[in-house]
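Work through the exercises below with the sequence and the structure in view, and try each task before reading its solution.

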Amino acid sequence: MTANLLSVRDLKVSYRVGNGHIDAVDGASFDVPRGSIVGLVGESGCGKTTVARALTRVIADNARITGGQILFDGKDIAAIPERQMNALRWRDIAFIPQSAMNSLDPVYTVEYQLNEVLRRRGGLSAREARMRCESLFEMVGIEKGRLRDYPHQFSGGMRQRVAIALALALNPKLVIADEPVTALDVIVQRQILDQLRELQTMLGISVILVTHDISVVAYICDRTVVMYAGRVAEAGPMAGVLTRPAHPYTMGLRNAFPDLAGAASGTLTPIDGAPPNLAEPPPGCRFAPRCPFSIEVCSTESPPLAEIVPDHRVACHRASEAPVLREIAARTETWLAHA
Amino acid sequence: MKSTCRAVMATAFLALAAAASPAMAGDPIRTIEILSRPQASQPQEFQSIQLIAQEWRKLGLTVNVRVMPWEQMSDVVWYQRADWDSTAWQMVGRPERSDPDEIIYNLFHSSTAEKGYNFIGYQNPEYDAVAEAQRGEIDPEKRKAMVFEAQELLARDQPNMMLVHPKQTFAFDKTVWKPESIVDQSGIGIRNTWTFMALEPLGEKKDIVLNSSDNVKAINPLYISGGVDSWVFELVYDRLIRVGPDGLPKAWAAESYEWKGDKTVAVKLREGMKWHDGKPVTPEDVKFSFEAIVSGEAPMYAPFGSNIESIAIDGQVITFTLKKPAASFVTSSLAKVNLIPKHVWEPIIEDLKTKEANAESYQEKTPIGSGPYKFERWLTNEEIVLSANKEHFNAPKADRWILRIVPNVEAALGMLRSGELNFLGEFSGDPKVLIDAAKQDGDLEVVSTVEMGFRYVAFNERRPPFNDVAFRRALSAAVDRRLIVNAAYRGFAVPSNSVISPSLEFWYDPKTLAELKTGHDVAAGMLEEAGYTLDGGKLHYPGDTKETLAK
Amino acid sequence: MAGTRMRSAVTYSNEPLVSLRSAELHYRVGGALSALRGRSSVVKAVDGVSFDIHRGESVGLLGESGCGKSSIGRLLMKLEDATGGEIVFAGEPISGLRGAALKCYRAKAQLIFQNPFDAVNPRFTIRATLAEPLENAGIPAGEREARIIAALELVRLPQPAQFLDRYPHQLSGGQLQRVVMARALILQPDFVVADEPVSMLDVSVRAGVLNVFRDVRDRLGLTAIYISHDLALVRYVCERTIVMYLGRIMEDGPTEDIVHEPLHPYAKALVAAVPVPHPDQSHDPLPIGRGAPDPRNPPSGCVFRDRCPRAFDRCASEVPQLRQIGTRKVACHLF
Amino acid sequence: MHDLALQKPGLVGRMFRSLKLPLSDPFAVFGLAVYATFLLTAIFADAIAPYDPTEILYTPEYELASDLRPGEQGFILGTTSLGRDIFSQIVYGTRSALIIGITAAFMVALIGSVVGLVSGYFGGWVDAVLMRLADIAFGIPFLPFVIVLAAFLEPSIWNVVLAMALVLWRDTGRVIRSQVLTLRSRGYVDAARVCGSSDLKIILRHIAPNILPLSFLYGSIAIGWAILTEASISFLGFGDPQSISWGYMLQDAFASQALAKQAYYWFVPPGICIILVVSAGFFITRGYENLLFPKLGR
Amino acid sequence: MSHLKAVASRTLQLALVLWAVVTILFLMFRLMPGNPMAAYIDPTFTVEQQQALMAQFGLDKPLWEQYFIYLGNLLQGELGQSFRYREPVAERIFALLPNTLILTFSSLFVAYAFGILAGAYLAWRRGSAVENAAIPLVLMTRAMPEFWLGMVLLAVFSFWLGWFPAGGTRPAGADYDSLWALYTSRDFLSYLALPALTLAIYSQGLPLLLMRSNMLDVMKEDFVTMARIKGLSNWTVVVRHAARNALLPVMTSFAIAVGYQLQGNVVVESIFSWPGLGRELVNAVSASDYPLAQGAFLMIAVVVILMNLIADMLYALLDPRISHA
């Protein structure tokens, strides 16, 4: 039994678009240790959702996994036949979607949809399934009387709880949660995160939490993987990455974020420019065009994801200078001058 | 082909242009309208009118063909008598029209010009005299001479432009029915009551299955509701007299009849007749039948009884006394009025007298007559089933008579070939197709006969230039009737210049047609002679006549 | 408290520029089809809201989705007409504005939209987009180009001329949001409502847009309302915050006071729930019940009482009025 | 970087472009090609057709040139039982088909668009009234309505157009209304209001261009409807015999028993023409749907 | 409770629509040019006779009075007296309605059964050669004039192959105990086959295309993707989730299609000598039998409007988002 439930190695996913193709994920590598919550964080279009979906191997019609390995429990599930993969789905790898409204079938009751999974995929008898439904609802804190309700009869937060119940139905080893709280208001968001954390601890499962919000990562995750333009920029323990970022992108993000906990600060600092067009990605480091610290090699050579301190990896040519850069990056002028 | 057509037209124009003398000219004649029914319902009429318009245009007239459905056309022609120029029209054959009186008198006598059948407004005292005289003449030969005179007057005046007497084409399955048992009624064709009584089955199939494109409206002995309906009630109800296959009256429910003077007819009722409900037919029933039509509850039949002064019963003999002498009484009244059971209808009529509706809107659930067929069943818009009345004095040889409503001509033909029908009771399509189909099929026999009815173009004599005999004669002469026969009727018609059909041999005056000269040059000559002029390709009135009706 | 900011120098006049007086916006949700769905009721998007904004002041409207904050923005912009109460701008009620007066108001009060991709017509070039308000204000065609360039410079869009003939889809979100701001500012308004102007933008570019907003406001001395669900953002932009819940004001006061010591139970929960990007933070359960606000069936009395951990009898029977408590106003029976 | 022609198209070009013709869909292109072909045929009918379609052709001996098979005596598609040139009728039939189709489509699209725009944009009682009218129009069975209308008025191809204008705007109107409702909630419409643009200006500049393709889509459906309806009406005998249309030809053929005569050359070509034109409309429609609602297509 | 209210309000709304249609109908038939009874007044009638006839049909009263009489009669299910048949319009119409309904429904059942299956199949096989060939073909069936198709089918299957009779609902002279006995007899099926097939071929396109595009739509929904991620079998995903959801609008379109079909019957009934309401309407109109035409038109309109109502309710019933609101 390996320490990591999941190890993604150099994963590549590409979309066919018109006559060309876009490498939405271009060599992503990260690990998910058993019993941990890993935050996969990045801006829109960075490939985080594609990674999440690639792990289930249910991806868009025009998408294809073009390379890399997905080692789940030591087995490369990117390479196994579809039949075997299907056997793993939901029993071992479950999924919590962003919008439970759209991902629950509107014409069936919640109970039906739970039953469907429990009986068709879990092989439970009708009686067992009913009891399991009730205990699942209890687990996520919904009255069991609402089992017979249809998805639209729940509020957004409740639906998200239903989605969690659904994901936990077959006691999976890994739950992939794709922006599970993005559509929710802060209060409900917080409640759902608390619930998720509680259940994760209780059941000892691993969770991959895909989000664009560093605060969510900071609140709930053990580890974090920062993605930028289809690649992993930085990965490591959450506290390490957030307090001592080693990639200029992560440093920049920190400056751009308003922080209620701190003092009423002076100014936020944006990262100038926009993420690159993945149809024509820049050569070398993809962050280089926006990076105030870029040097010549950055625009020619793609930096490898290397470990700088134990368990903390960074893909930056100047990773060794990280502590110094961090100092400079904290100053607003650094980012303005670049612009 | 095309160039030859155009060449013909071009020379025609040249000839006319040369003949025209533009010195003395009236106004140009306005656009002349001619009404026609749509091609969909009346293809031959429509085609005839197109041809006629084409010929008239060659005379220098501007002609506008206005197509309208029958209801609208009849509304215009009947009720807006001053507003139309000319119209296609037709008279259909009916057994009782075997007597010429209805046509000769009603259509042209000046008394009917204002409201009646003389909608064209023909006024000729000379003609009026002849038309009146033939009515009162009981001697057939003398009457025939008068009818001939009337026909010749009409040929001279051309109040209408007679076109053709169409041929009626019917067919039957000769593997089902013995061909010799078919009866051809003159002017009517083989689809007639006599045939339906006489048809002799050859094998197992004993039901006459025939078609009609029109729905049956009513089976009501007191309501003249339409052609198809009469097929039905002529079989269900008897009449004292029936018009025989030769077109002459034949005693029927009457054992015999006799004129006693020019205003009295004595009829002896056949003995032993029974109504379909088993009750005997009595002279009282006959008397009641003729009284019912003038009771005010059967307005359409009323004219056929209005000339009766009184009805007397003496045993089986019923004596009719008339108000005025009427030669046509036997054919047009005795052979027209249905015999109805008094025990059924008396309470009905009494009841109707208290109501706004009259007997025309009364439909018996099971019509009771005494005729050769009994009413069985009527499915709305689908079929009517009659069964043979085996107790009738002239019991049919077939078992049942089934009328299927088939609106689509193609389907009717297809059904005849497939055996779904075994008697084609109506065929509005191209007779040639039917004959070809019969040839291919081998089981079918097609019979075509000249109709009593006729097709014509009515001129509105009230409106210039149609008030001018010369103009009417010219317009009539402009069209070769063979063109109409061939082009519009595909040969299934005979040319006409008389309101009496050649199928009514006794009354028909062949001289009328023989003396009709036609052709473009003839017509152009007539117009020129009458002073009409052609200027710039447009026909002008003679002298200094003004156009008063131009829009 | 806001000592580092330049705008502390601005003094407010006594006369408020904008006043809401028991403003109401009630929708009748209904018609035959929704009646068929068994729902036909009145949604009180804004229910008796009153506040004043003084010239030069910046106020944050804070609340969860459905609390009515955006509706207030639409009322102020006269995109909706209030179904009750009154909205006064510069001493004059805006409900009666028509024709030229309305045009005049349109020039003075402007809106910055939430979604920049939605707020500009995709068929229009940037030039045409920015020319529209100028056209409506009757600025001669010859002057427009210069005004457009000036506006784009104002929002710090570098080399503005190159953008003029581009279409919206050729711009990034951040650039487009600046165009939207430029359009709002091009007629030099007195009053601006910004409706979550950065919520659709990626984190890395948000700060840029926020900074532009802040700077321009200060430079032009604008009166502003900043609508947001994110207290951290409001805090960055506004010195005063109004917390709303289900169409009503819960608390209204200086932002820093609310951040540090919220009074209303709802505000307390809200502040506690705001996520912070730091590893070290409280994981205490929120002082609020589960469930979500249902705008169609708000509870009687205090609309927050069904989620309020401190609700008592009176909350169900009586609607709490907004009362002055120290520096703020709070609508809660506890005070 | 950008094509100059693309940036500053003329008004016509802009209009044309805002129709967003679905040129990427092969079937739609086929449909457009069919339209173009028939349109040219209709315009140059006088030059293409060898005869007047209503002219009764006969020889100087009064022999009717009827029921000739294709090729006989130089008639491309033969003649009808009434001695008229079938090919010329097909050619002129194109003209009436397109006149009916296009005017009906124009009326339906125009009325529907105006109703949809007004109803959707202004809402309130205007909307309520217009939508109740649409409900009523939905309650009127269309074909029977045309039949009744045709029976009351003189037979004319315009009956179909009139009936369509009176009744069929309802579908277009409703769809465009809902589209306008969506558009109306778009930020840029609010933005235009906040900028001080008048309602008329907003409708014309911001909303109408967006519904133009939709109107065109409903227009192309309406073309098909109009042609099919005219054909049915003619078949039932309520058509206008003065103007030769394909429906009239079919009616003529069936009434003259072309089936029994096995005169395929008579009843097949008009049928094919109808199918071609109508399905061309459907193909274009489908191309549009793929373009307008890409989620529907593949 | 509120559902009842909703149904009541929708019904009321449609009743208003019906009233409007009735009024339009009334005006249409009364305001046209010419004497409405021209075709039925024999020219030999005296003025008194004509007036009596007009009075019999109530045509001598002022328009508004006629209108209220008409409305009043309608409320009692009284449709007036046919000019042509001199019998109550209602009687004729109710005699013909069953034939029309059975033709309409049987053809639509066939069309929908086929269309739904084929549409789902084509969606499943999207992008394949089968689909590429089928879609234009289906569009072409919608572009065919119904009467043309009907005539061709008649020629092929009845005249040439002789498989089916050419017209009517039963063999000549055949008698059945009841309508039910007729409709369940084998003979009836053979008579029904061709007209129903004609209508079915024409109408299968709508459910087919609708089903297909709905399926394509639904297949892109998150819940279908989720069903895949759940590892459910293809069959379950396609049938239980995609097809079940896609079916909803197709089912409601059925009710609306009934309305449309009823109008289309006009033509097919004429071709196949089917004694139905459509043919009656055509006959009545061409015979200027206004009360009858009005009655037939109204009957068709009632069915159309009723079907619109049923479509609404069906949707509400089948979609839990509405039924369980």
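**Exercise 1. Describe the fold of chain D and its annotated spans.**

Read along the sequence, chain D follows the pattern α-α-α-α-α-α-α-α-α-α-α-α, and its secondary structure comes to 12 helices and zero strands; here helices (H or I, at least four residues) and strands (E, at least two) are DSSP runs, numbered from the N terminus. Before going on, note that this is a predicted model, in which local features need pLDDT of at least 70 and side-chain atom pairs count only at pLDDT 80 or more, while totals for chains, interfaces and linings use all residues. Residues are numbered from 1 along each chain as its sequence is written, and chains are lettered from A and ligands numbered from 1 in the order in which they are written.

Next, turn to the record: an unreviewed UniProt entry places the feature "transmembrane region" at several spans of chain D, including residues 27-49 and 207-228, although such annotations may be inferred rather than shown by experiment. In the model, residues 27-49 of chain D are 91% helix and 0% strand, with end C-alpha atoms 29 Å apart, whereas residues 207-228 of chain D are 100% helix and 0% strand, with end C-alpha atoms 32 Å apart.

**Exercise 2. Decide how far helix H12 of chain E is covered, and by what.**

Begin with burial, where a residue is buried if 20 or more other C-beta atoms lie within 10 Å of its own, exposed if 12 or fewer, and partly exposed in between, with C-beta atoms placed from the backbone. By this test, 10 of the 10 residues of H12(E), residues 277-286, are buried, among them E:Leu277 and E:Ser286.

Then look for the neighbours: the buried residues of H12(E) pack against helix H7 (142-152) of chain D, together with H4, H11 and H13 of chain E.

**Exercise 3. Describe how H11 and H12 of chain E pack.**

Two packed helices are described by the angle between their axes and the distance between the axes. For H11(E) and H12(E), the angle is about 90° and the axes are 7 Å apart, where axes are lines fitted to C-alpha atoms, for helices over the stretch in contact, and angles run from 0 to 180 degrees between N-to-C directions. H11(E) is therefore roughly perpendicular to H12(E), a label that covers angles of 65 to 115 degrees.

Finally, name the residues in contact, that is, with C-beta atoms, placed from the backbone, within 7 Å: they include E:Asn265 and E:Val266 of H11(E) and E:Gly278 and E:Arg279 of H12(E).

Technical notes. Two residues are in contact if their C-beta atoms, placed from the backbone, lie within 7 Å. Angles under 35 degrees count as roughly parallel, over 145 as roughly antiparallel, 65 to 115 as roughly perpendicular and the rest as oblique.
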